[in-house]
Amino acid sequence: MMNLGEIVGGAAAAALFGFGAWHVARGIFALRGTRLVTCPETGRPVAVDLDLRYSAVRSAFGRPHFRLKDCTRWPERAGCGQTCLGELEAAPHDCLVRTILAQWYAGKRCAFCRREFGEIQWHDHKPALLGADGITREWADFPAETIPAVLETHRPVCWNCHVAETFRRVHADLVVERPPRPSAQA
Ligand SMILES: [Zn+2]
């Protein structure tokens, strides 16, 4: 039979384990998402995904200590030594593609309707990008590692205008530009 000390000790250990598990789970949640870093080998952006479980467990009660699960230069450079991790560990939130996009849209206005962008809805009605060719595209259409260059050459477009412009482009035969009514003319 367990004595009181064993019961209390067991309960404390269970509580500690539960807290640790919760802390790691919170870490995994915070570390999700594709991140952009500058590859130290090439000096160019690469998109990376963290090994979530390893990174969350190693970072749960101390300084960030990450490991990669994937990189756009892999598998060719899979043995690269992951020297980009310093940049990631120093500012994990700032490297998130979502953060980079949110900062870019913040304070900007839609190239068509001039409406200012508010908080971005990531699950639906995402804003889009207008290229020099006049075509609007969703940023998810671009490889993540090209996002920094894409943002340099594109203008921001709201979801409504992206949908309208796409419809106009794809169904040009259905869109009728109405001439002004005779009575409206002087
Ligand atoms: Zn718009």
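The following conversation goes through a predicted model and asks how its descriptions are reached.

Biologist: What makes the chain a matter of two parts, and where do their bounds lie?

Modeller: The domain assignment of the chain gives domain 1 as residues 9-90 and domain 2 as residues 97-174, and such bounds come from an automatic or database assignment. The C-alpha centres of domain 1 and domain 2 are 30 Å apart, and the contact takes 7 residues from domain 1 and 6 residues from domain 2.

Biologist: Why is Ser55 called buried?

Modeller: Ser55 has a relative accessible area of 0%, and buried means under 20%, so the value of 0% places Ser55 among the buried residues. Ser55 belongs to helix H2, which covers residues 52-59.

Biologist: What does Ser55 touch, leaving out residues up to four places away in sequence?

Modeller: With those residues left out, Ser55 touches Leu31, Leu50, His65, Phe66 and Arg67.

Biologist: How do you know that Ser55 and Arg67 make a polar contact?

Modeller: A polar atom of the Ser55 side chain lies 3.1 Å from the backbone nitrogen of Arg67, and the limit for a polar contact is 3.5 Å, so the distance falls within the limit. The charged end of Arg67, for its part, sits over the ring of Tyr54, at 3.9 Å from the ring centre, where the distance cut-off for such an arrangement is 6 Å. Another case is Arg32, which lies over the face of Phe29 at 4.0 Å from the ring centre.

Biologist: Which residues touch the most other members of the largest nonpolar core?

Modeller: That core has 22 residues, and those touching the most other members are Leu101, Tyr105, Leu129, Trp139, Ile147 and Val157. Two or more residues each come from helix H4 (97-105), strand E4 (128-130) and helix H5 (147-153), and the largest share, 4 residues, is given by H4. Apart from this core lies another, of 17 residues, including Leu31, Leu50, Ala56 and Leu88.

Biologist: Which residues of H4 are buried, and what do they pack against?

Modeller: In H4, Val97, Thr99, Leu101, Trp104 and Tyr105 are buried, and the buried residues of this helix pack against E1, E4, H5 and strand E6 (155-157). After H4 comes Gly107, whose phi is positive, near 80 degrees.

Biologist: Why is the pair of Trp122 and Trp139 called edge-to-face?

Modeller: The structure holds 3 aromatic pairs, and in the one formed by Trp122 and Trp139 the ring centres are 5.9 Å apart and the planes stand at 80 degrees. Rings pair if their centres lie within 6.5 Å, and planes over 60 degrees apart count as edge-to-face, so both values meet what the name requires. Trp122 lies in the loop between H4 and E4, and Trp139 in the loop between strand E5 (136-138) and H5, so the pair ties together parts that are 17 residues apart in sequence.

Notes
Residues numbered from 1 in each chain as written. Predicted model: local features only at pLDDT ≥ 70, side-chain atom pairs only at ≥ 80, totals over all residues. Heavy atoms only, no water. Core = buried A, V, L, I, M, F, W, Y, C linked by side-chain atoms within 4.5 Å. Buried < 20%, exposed > 50% of the residue type's maximum accessible area, 1.4 Å probe, protein only. Polar contact = N/O pair within 3.5 Å; in protein donor to acceptor, adjacent residues only side chain to side chain. Contact = heavy atoms within 4.5 Å. Phe/Tyr/Trp six-rings, centres within 6.5 Å; stacked < 30°, edge-to-face > 60°. Lys NZ or Arg CZ within 6 Å of the ring centre and 35° of its normal.
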